Amino acid sequence: MGGKATGGLSVKRIRKTAYLHYVPALIAAVTIALFAGYADWQRQLGAHEAEVAAVSQELTLAKTKLDALISRNVAIAQGLAVDIGNHGASDEKHIQDLVSIVFDLAPQIRNIAVAPNMKVSMVFPLKGNEDVIGLDYNEVPAQRAAVLEVMKTGEPVVTGPVDLVQGGKGLIARFPLIEVDEKGRKTLWGIASAVIEMSRIYRDSGLRIADPDIQIMMRSRSKDGDVTVPFFGDPAIFANHPVKTTLSLGYDTWEMYAIPSDGWDAGSDQAWFRAALLVISLALLIPLIWAGRLMSDRQRHMEALQDREDQLGELSQRLELALESSGIGVWEFNISENTLSWDERMREMYNVPADQLECGYEDWRNALHPDDRVSAERRFDDAINKGSDYSTSFRVVTPEGKLRHVKAMGSVYVDSAKRRKIIGVNWDVTEDIVLQDELRKAKSQTELQNRHLMQAKSSMEHAALHDALTGLANRRFLDKCMQEIPIGSHITVLHIDLDRFKEINDTFGHAAGDLILRETARNLRNLIHDGDFLARIGGDEFVVISGVNNSDKDYASVANALVEAMSRPIIFEGHECRVGASIGFASGNTASEPAGQILINADIALYEAKRRGRNRVEPFTERLRQVAIHNKRIADDILRAFEQDQFVAYYQPQFCAQTREINGFEALVRWIHPEKGLLAPDAFLQIAENLKVVSTIDALVLEQAHQQFLRLRASGVDIPKFSVNLSAQRLKEEALFEKIASMPLLPGSLSVELLESISFEGDDEELVKQTDRLRDMGIDIEIDDFGTGHASILTLLKLMPRRLKIDRELVFPIVESSNQRALVRSIIDIGRARGIEIIAEGVETMQHAVILRDLGCHSLQGYAFAHPMSGQEFLNFARKRPWLAA
């Protein structure tokens, strides 16, 4: 024990002293490194200063070229401005000739504008710049500051670069237009501006060369000190210690920064210098290091010997611990003597009784499982006979009948006495085998579950992308298909909508509707081309997308065939179900417009087919596109009109036929359009209905009409009633009744006009109920446009209106036609017989007024007496009573 400890201490001392042999080499290395570092720093500093000077020279040259080119363009444009200032802007031909010369002398100038009194009247070239004509610089905040500077100083002002509307960047040079009279007096009468295209400036000044020596970045600093983002070059140059210079444009100043194209020190030969230093240093250090190496060899050899002894002891301990913890048993078979030796762990593995002192080959053989015995012995014999490594696995049965899985390995060797032996190990792998079996079962179960999941996923994906009723693709699948259409593909889209489908569904039930949808899907499958995409995207809507390059005529034939097929009756439970199909189709190339737009075009064509009577085919045309664009603009204007209070009520008075006194007025909606002026309802009402905003317009008119009624009464004009037009749909809205209930109305002062052209079929009871509610609230009911619609007399009698208005189409011909007078007389007689007041609208002349009075009409309304007018005009009209003097 003591000897071992002493040896360990001596080795540690050797290790500590071994490093002392390298101290001289270390001192020399430090000294050489300091000298080399200083020399390298001095050389690098000189090279960098030379490189900075070269970059500065290149940057100054680039600045000079840029300054000269810009100054030349400004000077040429200023000469033009001086000439225009002296001769005025009246001779456009003279200015055009001068501009042509300027464009030849300064090709970097993109356009020139002349603005007398700060408003652009001429621009050259005109093509592409038409929108500039009429531009008032005083109304453009972005340009006002520079323009005011020109006006203030009378000197040219150059600003920029700025983003150009036509694309790219440019400088804007502005010049005062000054007229000098014979006495030398100067008059500033406008400005001229020239746009200098930056891309041409960069090119002609050499900033765009393919392989520059330096990288340049430029930014602008305004007169007020504001700095813009860099407009030329890479902003990353800031981080690389660039060289800087400035270029003054007068109003703005450009800051120019530059670094070498390959970065600082990229072209330096510093590496060669350092390599030479390294060679010299190594020549001095290697002999010293080699001497230290030789001196330390002896210590290392002693150190290695002691390490081997320590490792051998640790290895023996680890082997014993490993065998003990893993349960590995060691065995040896003497081939020459046919004897077998087992250690204690082998005996435990095979459950050898404690009283059995020796174990032999038969003990191992008898323990083998009967099914493994032959193969186990054969492999053992093969290893002995061939002298090869032995590796196998088998099962053993313990005396208690317990089954174990054993892994065996061994090697044949010859001992010192020339005896052939095989030594090996056995270890119990029963738990591993059981675990592997369980894992295999779990893997099989998992794979089975995965197959089920994949099948379920496939079914779910199919269900998510297909219509369950028809088996066709659904809207989601259509969207996916549209996104996957390659750019440049020619496609045709058919949008199909079934006519009268809702009536069939409501009459015969969903089963009949389902039958029609399936029959439609079948017809579509039979008619479309192979490879066409077919989808049901809504209740009764279908879409076909075809990538086959057929003509529009071919698809029109397919669409017409489908319309014909769908017009044939479908038998459902003995009933004939007849539907129709409206189809719109559009073709296009996705290189010029997206696939989604082509689908929208087909939808526009479908809308046109339904508008023109349904059960027909309509192709998309440019006219339909323009109509759609127009309707979209009108729709946007309508929504904007609500925000800006552009919808107002106009008022047309109604007169007593006998006394010609005003006995009421009708409120009519008008749209004060900011561009188109005053618009009547026929210009926007259909689009408003599509937007579902008619009820909002009705509410605005009702509110304004009531305010006008109160205003008239407050001004001493006593008109007993006013009327507003309401759609039958509005009568179904509870908000209407809440609105009327909230208004302080005098009983009988408000009349609601309902269009006689509205079909009341099927809704009679509901309509009567709602009109009764209005009557209970003190509101009178009027039937508008009577005589031109399709409501029956019975329906009229059921509603029992307070008043009835004869349509203008019946009134106009009564002067010339006795038959028409007779028809109007019969309507008046029917109304009088039921106690209904009669109002005639469209009274164009006093002759009409006399005839209608004589026929028994109660009230008159028309241009013969007054046009619709604003609230103030109506108040003045009612006060002055000009119709009595006519």
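Two strands count as paired if DSSP finds at least two bridges between them. Keep that in mind as we walk through this model, which is a predicted one.

Let's start with a pair of strands. β7 and β8 (residues 253–260) run antiparallel and are joined over 6 bridges. Within this pairing, valine 243 sits opposite alanine 258 of β8. Now zoom out a bit: the open sheet here has 3 strands, in the order β6-β8-β7, with antiparallel pairing. β6 (214–221) and β7 (243–248) are at the edges with a single partner strand each, so one side of each has no neighbour in the sheet. On average, neighbouring strands of this sheet are turned by 25° against each other, ignoring direction.

Next, some helices. α18 (residues 694–714) packs against α25 (residues 871–880) at an angle of about 35°, and their axes are 11 Å apart. The crossing is right-handed. On the α18 side, Gln708, Arg711 and Leu712 make the contact, while α25 brings Gly871, Gln872, Phe874 and Leu875. Sorted by class, these contact residues are 3 nonpolar, 3 polar and 1 charged.

Helix α18 turns up again at the largest pocket, where α18 gives two or more residues to the lining, as do other elements including β22 (662–673) and α17 (685–690). This pocket has a volume of about 1,200 Å³. Its lining has 38 residues, and the closest to the centre are Val669, Pro681, Leu685, Asn725 and Leu755.

Where does β6 come back? Along with β3 (157–163) and others, β6 supplies at least two residues to the lining of the second largest pocket. The largest share of that lining, 5 residues, is from β3.

Definitions and conventions:
Residues numbered from 1 in each chain as written. Predicted model: local features only at pLDDT ≥ 70, side-chain atom pairs only at ≥ 80, totals over all residues. Heavy atoms only, no water. Helix = DSSP H or I, 4+ residues; strand = E, 2+ residues; numbered from the N terminus. Axes fitted to C-alpha atoms, helices over the stretch in contact; angles between N-to-C directions. Left-handed = near helix turned anticlockwise from the far one by under 90°. Contact = heavy atoms within 4.5 Å. Nonpolar A, V, L, I, M, F, W, Y, C, P; charged D, E, K, R; others polar. 1 Å grid on protein atoms, 1.4 Å probe; cavity = no way out; pocket = protein on both sides within 12 Å on 5 of 7 lines; lining within 4 Å. Points joined across faces, edges and corners; volume = space filled by probe spheres on them.
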